[in-house]
Amino acid sequence: MNVLSSICYGGDYNPEQWPEEIWYEDAKLMQKAGVNLVSLGIFSWSKIEPSDGVFDFEWLDKVIDILYDHGVYINLGTATATTPAWFVKKYPDSLPIDESGVILSFGSRQHYCPNHPQLITHIKRLVRAIAERYKNHPALKMWHVNNEYACHVSKCFCENCAVAFRKWLKERYKTIDELNERWGTNFWGQRYNHWDEINPPRKAPTFINPSQELDYYRFMNDSILKLFLTEKEILRDVTPDIPVSTNFMGSFKPLNYFQWAQHVDIVTWDSYPDPREGLPIQHAMMNDLMRSLRKGQPFILMEQVTSHVNWRDINVPKPPGVMRLWSYATIARGADGIMFFQWRQSRAGAEKFHGAMVPHFLNENNRIYREVTQLGQELKKLDCLVGSRIKAEVAIIFDWENWWAVELSSKPHNKLRYCR
Ligand SMILES: [Zn+2]
């Protein structure tokens, strides 16, 4: 499935950080750089729905129209990656809880329990409102559901999750005797008489039952996938012809991407190799893995950085030419799109020191924007590559459930790692 007839080129665009006059400047700079697609509104829940059930789309209407007038299409975010402060205040039990019982508070992002009933209700209402608003806009080319699912909170251990886990186990094992048998609960006296005696594998005195732990991996993966499917069902209903995706993260342990990939229309993923390591062979392998998720279908590199990230201990910039080289390396392994986080570097917030396509203090000779523009103009000449396939000569078996199992505790070799 091709999103555009050209190679997709652009990045995450977070215009709500800037006054309106900057939006026009952005659109002109995008045009000059050859940008044809931006991911918009990914973290905009609190701006789109400033209070419970009250929606404000005027600003987003304006942004989308400006972009479209400048030849830029949109990969529209469903805005569900961060619940607003009003939601957290109203439903404090929507905050996730770690294995030690610590509540993860509002103030960064992705602070939600995937099994919270009101979260799901509110997501449904929000996604339908966005889809209905923009279903006929000619700029809309793709849906970007949530963002990097499970990136920060891959497991929640709260009571909502405990209830959902018991239900999941009941469907899997049917009887409590079968669960006892499969989990080997006669060892260490862990036998259960009733489903409601079972809890998530919370912090315990020592090694937890490994079958319980493995099932919790499966259960959490399924819980988070269910959130994605909830959104996808609505998007399909309102816009049956617009492709739906969510950005993966390569060999990301908590989510079984082979399972997930069956439900996206196109695989998209985020890649941030450390420039200190050169271009690691892992970069090639991850691109191959992402391409394999949908049996060789071209994918989109949804995020990379032009220069430096800000979340490692030491954040080295890419030397001149390296962004271009790695972008072509990704296209050579099957990508139909090269996108970045983010378009314009933030002036505040946790990622203000993270590189962007338009850095702080932009001027005519800025190296980063110059490289961005060069690549964008070059990619326009490569339309013939869109939809092309790579023929692999070697296969490597990669399996998430085996990864989870291999790295459980108390084995003969406890430093064995399935994948870095
Ligand atoms: Zn939970």
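1. Leaving out neighbours up to four places off in sequence, M30 is in contact with Y13, V35, V38, L67, V72 and W343, where contact means heavy atoms within 4.5 Å. M30 sits in helix α1 (residues 20-33); helices (H or I, at least four residues) and strands (E, at least two) are DSSP runs, numbered from the N terminus. With a relative accessible area of 0%, M30 is buried. For that word, the cut-offs are under 20% relative accessible area for buried, over 50% for exposed and partly exposed in between, with a 1.4 Å probe and protein chains only. For a sense of scale, M30 and N414 are 384 residues apart in sequence and 50 Å apart in space, C-alpha to C-alpha.

2. A word on provenance. This is a predicted model, where local features need pLDDT of at least 70 and side-chain atom pairs count only at pLDDT 80 or more, while totals for chains, interfaces and linings use all residues. Residues are numbered from 1 along each chain as its sequence is written, and side-chain values use heavy atoms, with hydrogens and water left out.

3. Now the metal. Four SG atoms, from C113, C156, C158 and C161, coordinate the zinc ion at 2.2 to 2.3 Å. Donors here are N, O and S atoms within 2.8 Å of the metal (3.2 Å for Na, K and Ca), and sites may look incomplete because water is not among the atoms. The angles between the 4 donor atoms run from 99 to 120°, so the arrangement is tetrahedral; the rule for four donors is that all angles lie between 85 and 135 degrees.

4. Along the chain, the zinc donors follow the spacing C-x42-C-x1-C-x2-C. C113 and C156 are both buried.

5. Which residues touch the most other members of the largest nonpolar core? They are F248 and Y257, in a core of 91 residues. Such a core is a set of buried Ala, Val, Leu, Ile, Met, Phe, Trp, Tyr and Cys residues joined through side-chain atoms within 4.5 Å. Helix α8 (residues 210-238) supplies the largest share of this core, 9 residues. A second, separate core has 19 residues, including C158, A164, Y173 and M220. As background, nonpolar side chains tend to be buried together in soluble globular proteins.

6. F248 deserves a look of its own. Not counting residues up to four places away in sequence, F248 touches Y257, W260, A261, V264, V267, T268, W269, D270, M290 and L293. F248 also belongs to one aromatic cluster with Y149, F228, F252, Y257, F258, W260, F398, W400, W403 and Y418.

7. On ring pairs in general, the count comes to 31 aromatic pairs. The rule pairs rings of Phe, Tyr and Trp (its six-membered ring) if their centres lie within 6.5 Å; planes under 30 degrees apart count as stacked, over 60 as edge-to-face and the rest as tilted. F57 and Y134 are edge-to-face, at 5.8 Å centre to centre with 80° between the planes. This pair links distant parts of the chain, 77 residues apart, with F57 in the loop between α2 (45-48) and α3 (58-69) and Y134 in helix α5. Both F57 and Y134 are buried. F87 and Y91 make a tilted pair, 4.9 Å centre to centre and 50° between the planes, and F87 and Y91 are buried too.

8. Two charges over rings: the charged end of K47 sits over the ring of W59, 5.7 Å from its centre, and R344 lies over the face of W18, 5.5 Å from the ring centre. The test asks for NZ of Lys or CZ of Arg within 6 Å of the ring centre and within 35 degrees of the ring normal.

9. Some backbone points to check by eye. F341 and Q342 are joined by a cis peptide bond, with omega about -10°; Q342 is in the loop between β9 (335-340) and α12 (367-379). N146, in the loop between β4 and α6, has a positive phi near 50° without being a glycine. F361, in the loop between β9 and α12, is not a glycine either and has a positive phi of about 55°. Are these residues buried or exposed? N146 is buried at 1% relative accessible area, whereas F361 counts as exposed at 76% relative accessibility.

Key:
Four donors count as tetrahedral if all angles lie between 85 and 135 degrees; four count as square planar and six as octahedral if opposite donors are over 155 degrees apart and all others between 65 and 115; anything else is irregular.
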